[in-house]
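Here are my notes on the model you passed along. Have it open while you read, as I go from the whole chain down to single residues.

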Amino acid sequence: MASKSSILALVIIFTLVVGSNAGGIAIYWGQNGNEGTLYETCSTDNYAFVILDFLPIFGNGKNPMLNLAGHCDPYSNGCVTLSDDIKSCQAKGIKVILSIGGASGSYGLASSEDARQVATYLWNNFLGGKSSSRPLGSAILDGIDFDIEGGSSQHYGELAKYLKGYSKKGKKVYLTAAPQCPFPDAWIGDALTTGVFDNVWVQFFNNPPCNYASGNVGNLEDAWKQWNTSIPATKIFLGLPAAPQAAGSGFIPSNDLTSTILPMIKDSKKYGGVMLWSKYYDDLTGYSSSIKSQV
């Protein structure tokens with residue numbers, strides 16, 4: 001009989017080996033009023049990260065403005081009611097992150113000074129700073145997500161560095177990004193070389209050159225390897241639509257994902273998990289529930 005101490009040691013080693021490539025699921029929430037509340041989203045226990053989308057107006061001297069679609073009206077200060085939901089998510093260990101940009105919006109950075117001012121605004125209004133007009137109330141978000149899909153590519157690296165600098169003031173500021181899978185990304189490719197990003201959830205959808213096609217994993221595999229070897233981020237996530245109708249292309253049936261794709265990409269040292277667009281579509285298909293045990 002093995003001693004209790006040796007059995008415990010084996011259990012610890014087994015856990016480290018088996019769990020070393022365990023990932024989490026990140027979900028975008030905020031652009032459909034029919035996707036349930038933030039509290040309900042976190043109560044599913046399916047997600048490690050919830051990304052609030054979006055802050056689609058910022059920079060160039062514009063007054064930054066939140067847009068959470070049917071969930072609340074930021075113009076009447078109606079989104080402060082989300083503060084308790086955010087705190088309840090964080091109490092479960094879920095990171096809650098604000099995404100800036102989006103596919104449609106009015107944003108961009110005119111200069112280094114503009115980047116610094118936007119970083120200051122984000123710190124004071126959503127992160128650990130202080131402001132009399134915090135759009136989401138007193139809750140302190142865990143970080144900022146860069147979903148830059150238009151406009152200029154300039155100064156986002158500086159914005160990222162300014163934001164990361166606030167980590168020195170106590171609570172870590174997580175920086176994440178959602179580039180398109182063709183490498184390098186046209187808008188934040190340069191910013192991603194700064195080495196300050198924690199998680200990069202690459203959009204493997206609406207990009208046929210690197211999407212999965214039934215029976216053909218080559219394009220996805222090549223792009224995945226390039227992202228993992230070329231970007232100095234902590235973790236890389238596979239970004240997917242949670243339903244066929246969530247994107248123009250790139251949906252991967254859950255059986256294909258768990259049997260073929262995940263075993264192929266989980267060997268990567270930087271594998272972080274799967275990002276899904278979005279909570280509304282995940283509700284329609286139950287996608288996260290069907291893949292969670294394998295991610």
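Predicted model: local features only at pLDDT ≥ 70, side-chain atom pairs only at ≥ 80, totals over all residues.

1. The chain has 9 helices and 10 strands. Its radius of gyration is 19 Å, close to the 19 Å that the globule rule gives for 295 residues, so the chain is as compact as a globular protein of that length. The C-alpha trace spans about 65 × 45 × 35 Å along its principal axes.

2. The accessible surface comes to about 12700 Å², and carbon and sulfur atoms supply 53% of that. Of the contacts with a separation of 6 or more, 72% join residues 24 or more positions apart.

3. The piece to look at is the closed barrel: 8 strands in the order β1-β2-β4-β6-β7-β8-β9-β10, with parallel pairing. On average, neighbouring strands of this sheet are turned by 25° against each other, direction ignored. For a close-up, take β1 (residues 24-29) and β2 (residues 49-55), which pair in the parallel sense over 4 bridges; the bridge partner of Y28 in β2 is I51.

4. Helix α5 (residues 156-165) lies across β4 (95-102), β6 (143-148) and β7 (174-177). Relative to β6, helix α5 runs at about 170°.

5. Is T41 buried or exposed? This residue of helix α2 (residues 38-43) has 0% relative accessibility, so T41 counts as buried, the cut-off being under 20%. Leaving aside neighbours within four places in sequence, T41 is in contact with I27, W29, E35, Y47, V50 and K279.

6. I'd also check the salt bridges, which number 7. Three residues, K164, K172 and D198, are linked in a network of them. The closest N and O atoms of K164 and D198 are 2.6 Å apart. K164 lies in helix α5 and D198 in the loop between β7 and β8 (199-203), so this pair ties together parts that are 34 residues apart in sequence. For K172 and D198, the closest N and O atoms are 3.0 Å apart. K172 sits in the loop between α5 and β7, so its pairing with D198 ties together parts 26 residues apart in sequence. D198 is buried at 7% relative accessible area and K164 is buried at 19%, whereas K172 is partly exposed at 38%.

7. Another salt bridge, R116 with E113, has its closest N and O atoms 2.5 Å apart. Both residues belong to helix α4 (residues 112-125), 3 residues apart, or about one turn of the helix. R116 is partly exposed at 35%, and E113 is partly exposed at 36%.

Terms used. Residues numbered from 1 in each chain as written. Heavy atoms only, no water. Pairing = 2+ DSSP bridges. Helix = DSSP H or I, 4+ residues; strand = E, 2+ residues; numbered from the N terminus. Axes fitted to C-alpha atoms, helices over the stretch in contact; angles between N-to-C directions. Contact = heavy atoms within 4.5 Å. Rg over C-alpha atoms; globule rule 2.2 N^0.38 Å. Areas by Shrake-Rupley, 256 points an atom, 1.4 Å probe, with all protein chains shown as cover. Buried < 20%, exposed > 50% of the residue type's maximum accessible area, 1.4 Å probe, protein only. Salt bridge = Lys/Arg side-chain N within 4 Å of Asp/Glu carboxyl O.
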